[in-house]
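Thanks for coming. I will go through one structure today, region by region, and keep to what can be read from the atoms.

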Amino acid sequence: MALRVHHLNAGTTCPVSPLLVNGRGWPFGRARLVCHVLLMEAEDGLVLVDTGMGLKDCADPNRLGPGFIKRAAPRLDPAETAARQVEALGYKIGDVRHILLTHLDRDHAGGLADFPGAKVHVHALEHKAAVTHEIAARPGRYLERQWSDGPTWVLYPPEGDDWFGFKSVRALGNNPDVLMIPLAGHTSGHVGIAVRDGDRWLLHAGDAYYSSRQLSRRPGVPLGLGWFQRAADADRASRVANQERLRQLNLGHGGEVSIICSHDPYEFDACCAAHRPRS
Ligand SMILES: [Zn+2]
């Protein structure tokens, strides 16, 4: 299956302090974070990796909860939603056949309602934590109204074949070029999605890390961003261990695998610049 990948920001958030959150700029004012979403053109239709925030969130910000609105200060511009960006690329909403979710937090699942015909692929443990409550999660973490339309879920087992030392399962039927990689910690069933792009892999690691600095030789994270990360941990030990595995993957196999996360704006900008057609 040939894949063409678009990088979309499906929701800018503006928490306080560029210095504390972005690690550069002034301590006062507003930072910038993104919701990095992938849109893939596959032979049998479009595939989204995460959905960011959606049109219903823009129309009624209270859907996202007052705490999130206060902390994250999302811009909620309808033009940033995955739905509007799919249409701007000349596609119809119904062309999106599959949505692969790294996890079901509100800033990743907000756009689900905008694609009622798409199958929604998640790790079975994430479904148990967010939808059926068979696994305990922090009260109020998940917003069930974001999937109250009853999407067609496709659930995946905890682990499978080896992929650079990680476990992986094929995420679209038997397609060997799209893999779900369990990366628990941020949530119980958090995953990354690996996509083969020519002779390289692109791994969308969701919220397994927050800043590209965390995958560098001398890892670090801006103070405020580190606080957000710890506050969101479902299982800190697993998150820390998986983040270190991603760092080793980046340092050892950076020539074969490009790793991105959901919220680093500089990583997102670099992906957009790399994919911009040269004039
Ligand atoms: Zn997130």
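Let me start with Thr132, which lies in helix 6, residues 124–132. Before going on, please keep in mind that this is a predicted model.

Is Thr132 buried, exposed or partly exposed? Its relative accessible area is 35%, so Thr132 is partly exposed. The side chain of Thr132 has a polar contact of 2.6 Å with the side chain of Glu134. For a sense of distance, take Ser212, which is 80 residues from Thr132 along the chain; the two C-alpha atoms are 33 Å apart.

Staying with helix 6, its buried residues are Glu126, His127, Ala129, Ala130 and Val131. Strand 5 (119–123) and strand 6 (152–156) are among the elements that cover them. Just after helix 6 comes His133, with a positive phi of about 60°.

Next, the open space. The largest pocket holds about 530 Å³. It is lined by 20 residues, and those closest to its centre are Phe68, Arg71, Asp107, Tyr210 and Ala232. Which elements give two or more residues to this lining? They are helix 3 (66–72), helix 5 (106–109) and helix 7 (223–232). Helix 7 gives the most, with 5 residues. Sorted by class, the pocket lining has 10 nonpolar, 7 charged and 3 polar residues.

Rolling a probe the size of a water molecule over the atoms shows where empty space is left. How many cavities of 30 Å³ or more are there? The count is 1. The largest cavity has a volume of about 60 Å³. Its lining consists of Ala10, Gly11, Thr12, Met53, Cys58, Pro74, Arg75, Leu76, Asp77, Glu80 and Thr81. By class, that lining has 5 nonpolar, 3 polar and 3 charged residues.

Gln85 sits in helix 4, residues 82–88. With a relative accessibility of 18%, Gln85 falls under the 20% cut-off and so counts as buried. Asn9 is 76 residues from Gln85 in sequence, while their C-alpha atoms are 9.2 Å apart. As for Glu80, its backbone oxygen is 2.8 Å from a polar atom of the Gln85 side chain.

A disulfide is a covalent bond between the sulfur atoms of two cysteines. How many disulfides are counted here? The count is 0. Cys58 is in no disulfide, and the nearest cysteine sulfur, that of Cys35, is 11 Å away. Cys58 is buried, at 16% relative accessible area. Cys271 is in no disulfide either; its nearest cysteine sulfur belongs to Cys272 and is 6.9 Å away. Why is Cys271 classed as buried? Because its relative accessibility is 12%, and the cut-off for buried is under 20%.

Two more residues before I stop. Asp177 is in the loop between strand 8 (166–170) and strand 9 (178–182). Although in a loop, Asp177 counts as buried, at 15% relative accessibility. Its side chain and that of Arg196 are joined by a polar contact of 2.7 Å.

Leu202 is in strand 11, residues 200–204. Leu202 counts as buried because its relative accessibility is 8%. Leaving out neighbours within four places in sequence, Leu202 is in contact with Val5, His7, Leu38, Ile193, Ala194, Val195, Ser258 and Ile260. Val178 is 24 residues from Leu202 along the chain, with 9.7 Å between their C-alpha atoms.

That is the end of the tour.

How values were computed: Residues are numbered from 1 along each chain as its sequence is written. This is a predicted model: local features need pLDDT of at least 70, side-chain atom pairs count only at pLDDT 80 or more; totals for chains, interfaces and linings use all residues. Side-chain values use heavy atoms; hydrogens and water are left out. On a 1 Å grid over the protein atoms alone, a cavity is a set of points where a 1.4 Å probe fits but cannot get out, and a pocket is an open set with protein on both sides within 12 Å along at least five of seven lines; lining residues have an atom within 4 Å of a point. Grid points are joined across faces, edges and corners, and a volume is the space filled by probe spheres set on the points. Helices (H or I, at least four residues) and strands (E, at least two) are DSSP runs, numbered from the N terminus. Ala, Val, Leu, Ile, Met, Phe, Trp, Tyr, Cys and Pro count as nonpolar, Asp, Glu, Lys and Arg as charged, and the others, Gly among them, as polar. Buried means under 20% relative accessible area, exposed over 50%, partly exposed in between (1.4 Å probe, protein chains only). A polar contact is a pair of N or O atoms within 3.5 Å; within protein, one must be able to donate a hydrogen and the other to accept it, and residues adjacent in sequence count only if both atoms are side-chain atoms. A disulfide is a pair of cysteine sulfur atoms within 2.5 Å. Contact means heavy atoms within 4.5 Å.
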